[in-house]
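Dear colleague,

Please find the structure handed over below. My notes on selected residues follow it.

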Amino acid sequence: MPALPARPLATEPFTDDLSAMRRALDLAHFAVGLCDPNPRVGCVIVDANGRLLGRGHTQAAGQAHAEVMALRDAAEHGEQVQGATAYVTLEPCSHHGRTPPCCEALIAAGIARVVAACVDPNPVVSGQGLARLRAAGIKAELLDSGGLGDQARELNIGFFSRMLRGRPYVRMKAAASLDGRTALPDGSSQWITAEAARRDGHAWRKRSGAVLTGIGTLLDDDPRLDVRLVDTAMQPLRVVIDSRLQTPPGAKLLQPPGQVLIYAAQADETKAAALRQKGAEIALLPNPDGKVDLAAVLDDLGRRGINELHVEAGHKLNGSFIREGLVDELLLYLAPKLLGLGREIATFGPLASLDQAVQLDWLDHVPMGADLRLRARPQGRLGSWLPSDKA
């Protein structure tokens with residue numbers, strides 16, 4: 001887990017709210033792979049002349065939040081924060097959870113102004129943190145320019161999803177040839193893309209609370225589904241969709257580190273006992289067709305505190321997720337090669353007409369060595385559940 005860069009002896013003063021909030025957002029990224037299920041938050045405390053007094057980001061669940069870390073940092077450097085401004089990428093919490101309310105810490109420290117990038121979607125906080133600060137005489141406001149609120153929400157898109165929908169944000173990852181093949185007809189797929197793309201894929205695993213695959217991929221590839229190619233403080237939950245409980249007790253996925261959760265539609269008790277002995281949890285969530293109910297899986301993962309779900313599955317399970325409208329984002333790595341016949345990214349349809357296609361909006365496209373990373377989101381899906389902030 002990378003540590004914060006050393007604090008310089010002197011820094012250029014922040015000239016405006018935007019520059020200070022950008023620094024807070026930079027800090028928030030250090031909480032990725034560390035603080036789940038809590039949101040990734042950064043905070044900087046600045047005096048009236050724009051000089052940095054303290055900085056911090058959210059720590060592991062049950063430990064200090066960004067505001068408290070920034071106050072501690074200021075104290076460790078002998079800085080007085082009375083009358084200062086705190087820039088926070090998410091509205092300070094106002095309730096007692098695993099830690100005391102950050103609002104109370106800011107009030108007790110004598111902070112005069114708090115600027116937040118966006119409102120906390122948690123219903124026990126939403127708007128109440130800013131209201132609590134204002135009631136204490138602190139000038140509390142939302143930063144409504146520069147698009148930084150959107151950036152703060154994107155960094156915490158899974159937390160917003162879990163708070164507002166009760167289920168994680170689903171990101172489906174696939175590595176494919178330029179003609180859309182993820183494997184040869186016999187299932188061979190290692191490796192279509194090169195090392196840079198694989199390392200980037202592990203970075204996306206790192207930011208996910210859970211990585212999910214299907215029994216077909218497990219039997220074909222025997223994947224570990226852990227984070228290995230980048231540093232991380234915590235491993236995501238490994239999830240398998242296995243309707244008939246065919247997971248072998250010797251599967252690599254059952255090896256440490258991390259936990260394993262297997263969703264089944266039916267379970268032979270002998271098989272279940274063998275898997276439990278290996279440390280796996282078995283959950284039965286059948287649908288009327290005798291398969292695993294994928295929507296129920298998402299609801300259950302939401303209850304377990306999973307913010308982002310990273311799906312790395314085969315064409316059949318991918319097709320089921322897409323057909324049921326459960327995918328929030330596609331993360332595709334395309335290699336500059338053609339494979340001809342082979343397995344596709346997702347099997348669904350056939351569609352009766354072109355206007356039934358799943359329409360997507362591009363999020364970005366980034367070269368990854370010789371490969372290309374594409375991110376896209378189904379049109380209108382985000383706007384159907386993510387409201388805009390109100391100060």
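Is Leu245 buried or exposed? At 1% relative accessibility, Leu245 counts as buried, a term that means under 20% relative accessible area, with exposed meaning over 50% and partly exposed in between (1.4 Å probe, protein chains only).

Please note that this is a predicted model, in which local features need pLDDT of at least 70, side-chain atom pairs count only at pLDDT 80 or more, and totals for chains, interfaces and linings use all residues. Residues are numbered from 1 along each chain as its sequence is written, and side-chain values use heavy atoms, with hydrogens and water left out.

Backbone features

Leu245 is not a glycine, yet has a positive phi of about 55°. Its place is in the loop between S9 and S10; helices (H or I, at least four residues) and strands (E, at least two) are DSSP runs, numbered from the N terminus. The loop between strand S9 (237-241) and strand S10 (260-264) also holds Pro257, and a cis peptide bond with omega of about 0° joins Pro256 to Pro257.

Leu225 likewise has a positive phi, near 65°, in a residue other than glycine. Leu225 sits in the loop between helix H8 (215-221) and S9 and is buried, with a relative accessible area of 3%.

A cis peptide bond is also found between Gln190 and Trp191, with omega of about -5°. Trp191 lies in the loop between strand S7 (181-183) and helix H7 (195-206).

Asp328 and its surroundings

Asp328 belongs to the loop between helix H11 (315-323) and strand S13 (329-335). Its relative accessibility is 2%, so Asp328 counts as buried. The side chain of Asp328 makes a polar contact of 2.9 Å with the side chain of Arg165 and another, of 2.5 Å, with the side chain of Arg381. A polar contact is a pair of N or O atoms within 3.5 Å; within protein, one must be able to donate a hydrogen and the other to accept it, and residues adjacent in sequence count only if both atoms are side-chain atoms. Leaving aside neighbours within four places in sequence, the residues in contact with Asp328 (heavy atoms within 4.5 Å) include Pro168, Tyr169, Val170 and Trp385.

Val358

Val358 is found in the loop between strand S14 (343-344) and strand S15 (360-368). With a relative accessible area of 42%, Val358 is partly exposed.

Yours sincerely
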